[in-house]
Amino acid sequence: DLTVKGDFTTVNSSTIQVDDKNIEIGVGATTDASADGGGITLHGATEKTINWANSTDAWTSSEHFNVADGKRVGTDEVRALDGAGLKLSDDAGNGIFVEDGGQVGIGSAAPTASLDVVGGGKFSTTIEATTSVTSASVSGTTSVNTPLIKASSSAGLSLQDDGGNGIFIEDGGQVGIGSTAPTVALDVVGAAKISTDLTVEGGLTVNGVTTTINSTTLAVDDK
């Protein structure tokens, strides 16, 4: 056995080999507070350190860590060190930014909403809002391609222009154009124009002061 007592022990060697697979440091420390600052220092142009910080209950490194291709880092949680936020990026610096407060930016380092995406997005399944949504906006010359738009509740579904005018589908299927309270299957408040044939397989009632029929031929099946 070799026991060395003193403030400094210097070993001048290019390589130190230790057969033991476990290295213990700070053996005399009996509390985390007394172990504070303990670690490893590599000298160079600057000191590269890995130290234990009792205030954060964590190991702190002064330098980056690189993990080889095909390897991974396993953890239950990744947390930012300070209020500057957290970034997960590719080798070009593009990726996901979590701002202090929880707002997430994809392609944006300054998200202005809970999820702020700069660029396109693709969802292979349903997007569902589990709480009340006041509105959803699609800006620019953007199209929404979907085989189905469904109301989230029995309050009906409204498709409107920027002035609040449009089509309202009442719970049960009655449709109002210019009306949010349709009383029949299709309730139009205002004029209507049909450029091709109109077939009515039932009675036709016209209420108004004047009814004008502009046609070269008027055929009536009733004798």
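Two residues are taken to be in contact when they have heavy atoms within 4.5 Å. The model is predicted, so local features need pLDDT of at least 70 and side-chain atom pairs count only at pLDDT 80 or more, while totals for chains, interfaces and linings use all residues. Residues are numbered from 1 along each chain as its sequence is written, and side-chain values use heavy atoms, with hydrogens and water left out.

Strands here are DSSP runs of E with at least two residues, numbered from the N terminus. Setting aside neighbours within four places in sequence, S108 touches F97, D116 and V118. S108 has a relative accessible area of 15%, which counts as buried (under 20%, with a 1.4 Å probe and protein chains only). Its side chain also reaches the backbone nitrogen of A110, at 3.2 Å.

Strands β4 (residues 86-89) and β5 (residues 95-98) pair in the antiparallel sense over four bridges; pairing takes at least two bridges found by DSSP. Five residues lie between these strands, and in this hairpin G93 takes a positive phi near 90°.

Further along, four strands make an open, mixed sheet in the order β8-β9-β10-β11. β8 (157-160) and β11 (186-188) are at the edges with a single partner strand each, so one side of each has no neighbour in the sheet. Strand β10 (residues 175-177) runs parallel to β11, joined by three bridges, and V175 stands opposite L186 in β11.

Methods
Buried < 20%, exposed > 50% of the residue type's maximum accessible area, 1.4 Å probe, protein only. Polar contact = N/O pair within 3.5 Å; in protein donor to acceptor, adjacent residues only side chain to side chain.
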